[in-house]
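Hi there,

Here is the structure I promised to pass on.

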Amino acid sequence: MDLELRNIQIRDVVLGEENRLSDGVLTVDAAALQALLLEDPRVKSARIDLAKPGESCRILPVKDVIEPRAKETGDIFPGVFGTEVPEVGSGVTYVLKGCAVVTTGPIVGFQEGLIDMSGPAAPYTLFSKLNNIVLHLTKREDIDPHEHEEVVRKAGLKAAAWIGKIAVGCAEYESEIYHWPSLGERTAQYPGLPKVAYVCNCMAQGLLHDTYFYGRDAKQLVPTLVSPNEFCDGAIVSGNCVSPGSKTTTYHHLNNAVIKALMARHGKDLNFVGIVLNPLMVTLKEKQRDIMLSVHLVTEELGAEAAIISQEGFGNPTTDLMHVCRGLEKRGVKTVIITNEDAGTDGMSESLPDVVTEANAIVSTGNSNATILLPHMDRVLGELKEVERVTGGNVDSIRPDGTLLLEIHGIMGGHNLQGNTYLSATTV
Amino acid sequence: MKRSDCLIITNNPMAVALFGGTYDVRCNEKASYRQILVQVRDLVYIGHRLWNHPLYGSLRPHETPYRSVIISAVAGAPDSEDALIMSEALRVTDTFTPADSAAMSEKIRHDYQLIDCELLQSALSALN
Amino acid sequence: MKKVLFYTNQFFGQVGGEDMAYCQPEVTEGMRGSANTFGAPLKDTAEIVATVVCGDNFYAENMETGRAFLREQIEKYHPDMVIAGPAFNAGRFGIACGDVCKTAKEMGVEAITGLYEENPAVEMYKKDCYILKVGKSAAGIRKAVPLMAGFAKKLLTGEKIGSPKEEQYYAKGQRVNLFREKNGAERAVDMLLAKVNGQPYETELEISTYEKVEPSTPIADLSKAKIALCTTGGIVPFGNPDHMVAATAKFWKDYALGDAQRLEQGQWESVHAGFDPVYANEDPNRVAPYDMLKILEKEGVIGSVHPFLASTTGNSTSVADATRMGQEIARRLLDAGVNGVLLTST
């Protein structure tokens, strides 16, 4: 399987009267985009705004962030729309780098994180460095939270796919090739290099705690072998809306940092043999089964000697993370895990809710509970007053002068557990 | 006819409304997040088995005030892994300042109850 | 010029030896005793405005008085920093230094000391102040002074403090966020390649792990078993005749209980410094439930009660000491034909 990503760097986005891409400036036909979003009869209104790097602008509450992409032929985000579930991972995919679709609007009253386009929170999230096309959607009154979540999730994906199409045929791009031969060929190549597998944990627990695989709910999934190419083409999308700092947005899945880091060393220092997508379930029996199956796939199927496990969410997922780590180490697979910490506001508490002795190589993406004082922003996109509680803070933490005291896990992607962040922690 | 093999310990009134007809739901609305975990821990100590992870979901203990834990209806031999999970869950809970449900608006409480029930539903549909 | 208040004990303050360990705290303007060795290395940055000298036993047994005296001096001299010690491996002096630093920090004044790694005060106070790593005995003073003075200067001038390893202080155990040069995924790959190639690597989060103790099989017939009571709650005969310590215990005691049916109020107390002992002192059985064991014995639930209480203080005790004490206690109990132990902690 070969996939060519044609990356087009976007340096500015403007809202205009037609869709156009020239000289790195993306013009989006605002009226047409709005009409597209209103095609869904459950959407009452759709407002489109732009938020650019360096602006005094806060987006809140954010549901998902999606990079605009389109396939030369066929569908990006397979299985989400339409009646067919097309195979993806081959051919040509156009990618609009440097910009994103951001969906906002509260589904429940306590939900979601923020993106500040400037100020002290900006360095924590890669989303502050993007030209964001912000969709603020309101639903028809009679729609329940389930359907509301679906409406907003699909609206974001639809907009990103539609905007992505503007890039199709563009001649100025940087090409990136994902060559992914069949399993037998993969394991046979580079015999001198260590075979490395990647276990990608994803939330699969219920409303606002879900992931979708080819458009289907990951609660129905068992640990499954997935190629990097499928990640790039949107086979995995996010339906996870809590714990913003540690949730994996669709943008993160499309640009999975572990896959990128492994691909960069593939054929030079290591042989990247495969990815296991591991759903994080609610019951202990399901967890045990999925832990066992993940270990089984990495060892018996992929024959890996080393593995990286990435993480999503807070609390119970640490059990999955630690026990997959233990299972792999016991089978002789050298393992590194990526996790955030909940070490308390003062950093003095135990960092993790579950540990095993085998977890002796940990990459930390920082202490979620550390607080940060955010200044007033001139512009707030979203519905601040509708949100009584922001994860990592609440309205009480909005001070009279407009500043906001927040735990850093309230920042979207603030300590992303696929390691798509520079944040870490150390002991003093 | 209620399912006789499991028992739901909760402080979420919505769980009674939604699942009370099918499952044995023991609800104490006045109990805190922590008190529910303590109650479950004590039941685990005397041999009830844990069916869902007590820190299910991804909301932290200072965010949601609700917990619903499914355990076996009958007590057997105490399981040390289950006991360990419960004691670790309590240790983690104690590192957070608990959510004050009294200070929350009706809407927020409702939404937290709803999410809790959604997660509980996922767990219940996986029991067999 | 910054101001430093110096704290030392009777020996290093040149009041006298062990015979003067009960001397009351006193203050001298300027430098006195070992404070003099800090004068020169600090001189461009700070001046030692006064030296407090206090006997080790006095401080250890009259902590509130010692603290009050220190607070007065801080209010009088308005120092920017308190430097205490170094106390090397001296237990009481170490605790005094730690407590002095903690008191200063509570008043918003920066404070540092220097201790040897086995000094019990390290575990007790490393969370409260910077404790620099110094040698075991006073012979280490030549290395300790430049290390402590250099670190003091950094703190006083607001220079960035490096990692515990770089600066040679005991880590407080506090997790602090920072931004690294590579993203987490790239670091994970670097770490993985080092691990798989057998090269050294450093985990970004150390997990403290303890040896897992396999629980023994249940006692088949409790009604024939001899049960002993053991506690780490620091329960001792009133007045603490054996000088059981409040923390970092290195020994345990076996107290004969004879025909007693319970631990009577006023005859027993807890010396544990890790919790409020009021309720334990009111009814020592709350920590060491000898009364319940005797009731169960009477009811025939258990065969007999071993008429001794094995007690120590489980507060910042090192794993090595705890393991050794556990083995000693187990040996004693096995010799006495004990079948089961009820171990209570606090």
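**A buried glycine in chain C**

C:Gly66 counts as buried because it has 23 C-beta neighbours inside 10 Å; the term asks for 20 or more other C-beta atoms within 10 Å of a residue's own, while 12 or fewer means exposed and anything in between partly exposed, with C-beta atoms placed from the backbone.

Before going on, please note that this is a predicted model, in which local features need pLDDT of at least 70 and side-chain atom pairs count only at pLDDT 80 or more, while totals for chains, interfaces and linings use all residues. Residues are numbered from 1 along each chain as its sequence is written, and chains are lettered from A and ligands numbered from 1 in the order in which they are written.

Back to the glycine: C:Gly66 is found in helix α3 of chain C, where helices (H or I, at least four residues) and strands (E, at least two) are DSSP runs numbered from the N terminus. Leaving out residues up to four places away in sequence, C:Gly66 touches C:Pro25, C:Cys54, C:Tyr59 and C:Ala96; contact here means C-beta atoms, placed from the backbone, within 7 Å.

**The helix pair around it**

The axes of α3 (residues 63-77) and α4 (residues 91-106) of chain C come within 10 Å and cross at roughly 50°. Axes are lines fitted to C-alpha atoms, for helices over the stretch in contact, and angles run from 0 to 180 degrees between N-to-C directions. α3(C) and α4(C) are therefore oblique to each other (under 35 degrees is roughly parallel, over 145 roughly antiparallel, 65 to 115 roughly perpendicular, and the rest oblique). From α3(C), the contact uses C:Met63, C:Gly66, C:Arg67, C:Leu70, C:Arg71 and C:Ile74, and from α4(C) it uses C:Ala96, C:Asp99, C:Val100, C:Thr103 and C:Ala104. These residues divide into 6 nonpolar, 2 polar and 3 charged; Ala, Val, Leu, Ile, Met, Phe, Trp, Tyr, Cys and Pro count as nonpolar, Asp, Glu, Lys and Arg as charged, and the others, Gly among them, as polar.

As for the whole of chain C, there are 11 helices and 13 strands, and buried residues make up 40% of its 346 residues. The C-alpha trace of chain C spans about 75 × 60 × 30 Å along its principal axes.

**Where chains A and C meet**

Of the 2 pairs of chains in contact, chains A and C share the most contacts. Chain A brings 46 residues and chain C 30 residues. On the chain A side, α6 (257-265), β19 (306-310), β20 (334-341), β21 (362-367) and β27 (423-427) each supply at least two residues. β27(A) pairs with β7 (residues 175-179) of chain C in the antiparallel sense over 5 bridges, pairing being at least two DSSP bridges between two strands. Within that pairing, A:Ala425 has C:Asn177 as its bridge partner. Chains B and C, by contrast, do not touch, and their nearest C-alpha atoms are 10 Å apart.

**A sheet in chain A**

In chain A, 6 strands form an open sheet of mixed pairing, in the order β16-β18-β13-β19-β20-β21. β16 (224-226) and β21 of chain A stand at the edges with a single partner strand each, so one side of each has no neighbour in the sheet. β13 (residues 195-203) and β19 of chain A pair in the parallel sense over 5 bridges, with A:Tyr198 opposite A:Ile308.

Happy browsing!
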